[in-house]
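Here are my notes on the chain contact and the aromatic pairs. Have a look at the model first, then read on.

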Amino acid sequence: MTGNTQSRREFLGRCGWIAAAGAVGGLTIASVRYMRPDVLYEPPKEYKIGTIDDYPEGVDFISDKRIFIVREQNSIRALSGVCTHLGCTVQWIEERNRWECPCHGSVFNDKGAVDKGPARNPLPWFDVNLTQDGILLVDERKIVSYTKSLTVKT
Amino acid sequence: MQGKIMKSGLKDILVHNPIRESIVRAEIHPSEWIKSKVLGLGMLNAFLFIVLTLTGILLMFYYVPGTEKAYRSVKDIEEVVSFGIIIRNMHRWSAELMIVSVFLHFSRVFYMAEYRKPREFNWVIGLLMFVCVLAMGDTGYLLPWDQKSYWGMTIMSNVISSMPVVGDQLKYLVLGGTEVGQNVLSRAYNMHVKILPLVLGILIGIHFWRIRQDDRLAGSSPAETTPSSESSTGRYDVQTIQSIGWLDISKRELSKCLLVLAIVMGASLLFNAPLEEIATPSVTPNPAKAPWFFLELQEMLSWGPTFFWAVVLPGLVFLFLLMIPYIDRGAIGTGVWFHPSRRVENILFTAFAVILMGLIVVGKFMRGPAWVFYWPWEAWPIP
C-alpha cells in the first residue's frame, strides 16, 4: 500500500513538473513569437513617382523614398539610395560621377557597382514601369540589371 | 562583560566577514578597511546607477516614446520644462561617467588579479553588467529620435542582418519590421526603462552578495594580505569601534558620493547633452558618427566584412575576457597592483585598453566626411 501511495505521489509530482515545463516553455515561445509582428504599417514597396517630365536629364533623388532616378534621354532607371553595407543613404557626387556613402566611405560607380568597400554588394536597380495613364511605377521588390531601362516616348 | 556581549552581537551582524571581524576584534581600524576597498569604483558605479534611475524616472514624466513626439518631447524637456535640461544633462553625463568608471573598475580588478579563485564567477557577473551598461547606452541614445538615434539604429540593424542564416530574421525581430520606425523605438524604450534596469539591478545584487561570500571563502583580502604591523596589535578598543566604526565608513562613502554628484551637477550646468536634428530618413549626416563609446566598433566596421569586424571579433574578445579567471590559475600577486610576476598579462591588458581608446580617438577626431582620414587640425572639404 505504501508503495502505491508513493507512486501516485510520484506520478502527480511528475505531472506537475510536465505542466510547469509546458506552461513556462509555451509562454516563452509565445512571447518570442509575439515580438515578431505579422502586420506592418510601413510604406508600400511599389509606388508611383510621377511622369518622366518630372525628371530632367541626369540623376535625381526622391528623398522620402530614398531612391535615385537616372534619366538618359528617353530611358529611365531607378537605383536604391540605401548603401548595401549598413544602410546609410548614399550621395550622388556629380563631379566624380559616382555615389559615396557618408558612414563608412563605400563608393559606387555610375552603374551602381562597388568601386571601393567596405560595401561588397552593388546598389540594386529597381524595376520601373508605366501605368496605363502614363505614370512611372517603381517596384522595389523587383531587382533588375543595370542594362534594363524603361524607354518612354515623349 | 558588557563589551563582550556587544562584541558577539556585532559579530553576528557582520556574518563572519574576516575583515569586518578584524574590525570588531579591534585589530583593524575601519579607515584601514575602507582603504582596502582600493578606489571605491564599484560603489561609485552603484551610486551612478541610483542617480541614473532617479533622473531617468523624472525624464519619463515628459518623454513620449513615439516617432512623432519623441524628439519634440526631448526638446520640451530641454527648453520649456523647469530644470529639465539639468535633469537630462545629469542623466547623460552620469551615464557616460558610468561607462568610464565601469571600465576603470574592470581594469583595476584585472591589474590586481582579483578575478582569481574564488572570485571567478563574480568577474563573469561583472562583465555581464558591463554588457548591460553598454546595451543601456545603446538603447538610450535611440530614444531622442534625432539623427544620431536614427542612423545609429539603422547601422546596428544592418550589423545584425550581416550574421549568416539568422541575420535577416533577427533584424526583423529586433526592429519589429523591416525599417527603423515606431516598433523599434517602442522596443528600445521598454528595454531601456524596464528590462535592462531590472536585469542590471539583479546583477548588482548578485555582485554585492558574491563580494561578501567570496571574501569569506578567500579568508583574506587585500588588507589582510598586507597588514601593517600596528593594525594587528589591537590598539583600538571596542568602544572606539562602536562610536566611530560604521559611522566613519558611512561618512566616507557618502562623502565620495557627494563629490561625484557635485562633479556630475557641475558638468550638467556647464555642458549640454548633445541633441542633433530630428531623425530624417532621407538625409544621412556626413560623417554619421556613433556616440563615442561605440566608435571603436564603427571604426572597425570601416575596415572590412561587417560580420567579422562587428560580431565575430568583438564576440571573441568578450569570450576571452569571460574566460580569463578560468585560464589564469596562478595565485601569486593576487590583490597587489601590477605584481612583477604578471608583467606579460599586464602588458597585454594595457595594449588592449590602449587599442580600444586609440580606435575611439581615431573615430572621434580623425574621421571626416565619407569616413576619410583627416588629422584633427586639417579642415574638412565642404561638399
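1. Start with the salt bridge: Glu179(B) and Lys45(A) meet through their side chains at 3.4 Å, N to O. The term takes a side-chain nitrogen of Lys or Arg within 4 Å of a carboxyl oxygen of Asp or Glu. The count between chain B and chain A is 1 salt bridge.

2. A word on the ground rules. This is a predicted model, where local features need pLDDT of at least 70 and side-chain atom pairs pLDDT 80 or more, while totals for chains, interfaces and linings use all residues. Residues are numbered from 1 along each chain as its sequence is written, chains are lettered from A in the order in which they are written, and side-chain values use heavy atoms, without hydrogens and water.

3. How many residues does each chain bring to the contact? Chain B gives 30 residues and chain A gives 25 residues, with contact meaning heavy atoms within 4.5 Å.

4. Now the rings. Tyr111(B) and Phe349(B) are edge-to-face, because their centres are 5.3 Å apart and their planes at 80°. Rings of Phe, Tyr and Trp (its six-membered ring) pair if their centres lie within 6.5 Å; planes under 30 degrees apart are stacked, over 60 edge-to-face, the rest tilted.

5. Both partners are buried: Tyr111(B) has a relative accessible area of 11%, and Phe349(B) has 4%. Buried means under 20%, exposed over 50%, partly exposed in between (1.4 Å probe, protein chains only).

6. Tyr111(B) and Phe349(B) also belong to one aromatic cluster, with Trp123(B) and Phe338(B) among the other members.
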